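My notes follow the structure.

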Amino acid sequence: MNPLSVIIVNYRSGLILPNCLDNLFKSDPLLEFDVLVINNDLAADLTQVEKRSWPRVSFMQSPSNLGFAAAVNSGIRRSREEFILLINPDITVLPGSIQALLDTMYSHPGAGIVMPLLRNPDGGLQYSCRGFYSFSTLLLRRSPLRWFYSNHPLVRKHLMLDWKHDSLAEVDWGLGAAMLLRRSAIEGCGLFDERFFLYFEDVDMCLRMWRHGWKVLYNPASTMLHIHRRDSAGHWLHPAKWQHFLSLLKFVGKHRGRLGARG
């Protein structure tokens with residue numbers, strides 16, 4: 001038996017959640033793991049989802065929309081396993097992907113986080129690994145300059161657009177849509193920072209892992225599909241855009257300008 005717990009945070013994803021759970025259990029039928037679905041959506045009725053016959057799935061209703069980081073932390077506190085797989089409801093886990101992540105953890109005891117390769121639903125590569133931010137990349141990516149410098153070398157380096165995504169490697173950070181975490185590493189560097197209601201909690205966690213002596217690895221031997229909606233890339237009036245901006249300000253303030261220093 002693998003000491004694994006899977007945590008899924010639901011928010012306005014009730015329609016795609018069953019597909020996520022179906023593929024999760026089909027992907028590695030010999031693995032035994034518990035799944036905890038944390039419902040952050042008070043308006044969502046998951047009764048029909050809960051009636052489905054998935055093994056070892058439990059549901060936890062949040063008292064309010066706690067935000068992603070707080071919801072994940074409530075799941076981590078409730079679980080006891082050494083390895084914790086976080087996946088979004090819009091993730092499709094492909095066969096063998098979970099075991100590949102676990103094998104990477106076993107063979108690399110210094111890894112605190114292992115990320116899979118993410119693909120778009122059409123099979124195209126999703127650039128989910130990133131370099132840490134600098135003030136230059138923030139200016140080029142998160143200001144009106146992004147319309148003119150989307151192909152700037154600093155932007156391409158930050159998004160790792162010219163990096164071959166075909167082998168196991170250390171990365172600065174990756175999208176929190178899918179990541180396997182080691183509990184002993186979390187105990188060393190702390191839970192997700194709940195000041196980040198949405199966005200930048202993954203960047204912050206990876207940065208703290210590095211600063212506490214843990215590595216963040218990417219392994220394309222594990223592949224998952226991700227419907228990346230990118231709400232934060234929309235119009236400035238979109239709520240997700242403002243959440244992203246607020247989280248960015250909190251991130252810059254928390255790390256006092258040391259945005260990308262691992263040590």
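The entries below cover a helix, a strand residue and a loop residue.

**Ground rules.** I am working with a predicted model, where local features need pLDDT of at least 70, side-chain atom pairs count only at pLDDT 80 or more, and totals for chains, interfaces and linings use all residues. Residues are numbered from 1 along each chain as its sequence is written, and side-chain values use heavy atoms, with hydrogens and water left out.

**Helix 8.** I looked up residues 201-211, which form helix 8. Helices here are DSSP runs of H or I with at least four residues; strands are E runs of at least two, and both are numbered from the N terminus. Of its 11 residues, 10 are buried (under 20% relative accessible area, 1.4 Å probe, protein chains only). Among them are Asp202, Asp204, Arg208 and Trp210. Just past helix 8, I found Gly213 with a positive phi of about 90 degrees.

**His226.** This residue sits in strand 12 (residues 215-226). I count His226 as buried because its relative accessibility is 3%. Its contacts beyond four places in sequence include Asn88, Asp90, Leu118 and Ala177 (heavy atoms within 4.5 Å).

**Glu81.** I found Glu81 in the loop between helix 3 (68-78) and strand 4 (83-87). Glu81 is buried but has no salt bridge (a side-chain nitrogen of Lys or Arg within 4 Å of a carboxyl oxygen of Asp or Glu). Arg183 has the nearest side chain of opposite charge, 5.0 Å away. Arg183 is also one of the residues that Glu81 touches, alongside Pro3, Leu4, Ser5 and Asp34.

Methods:
Buried < 20%, exposed > 50% of the residue type's maximum accessible area, 1.4 Å probe, protein only. Lys, Arg positive; Asp, Glu negative; His and termini not counted.
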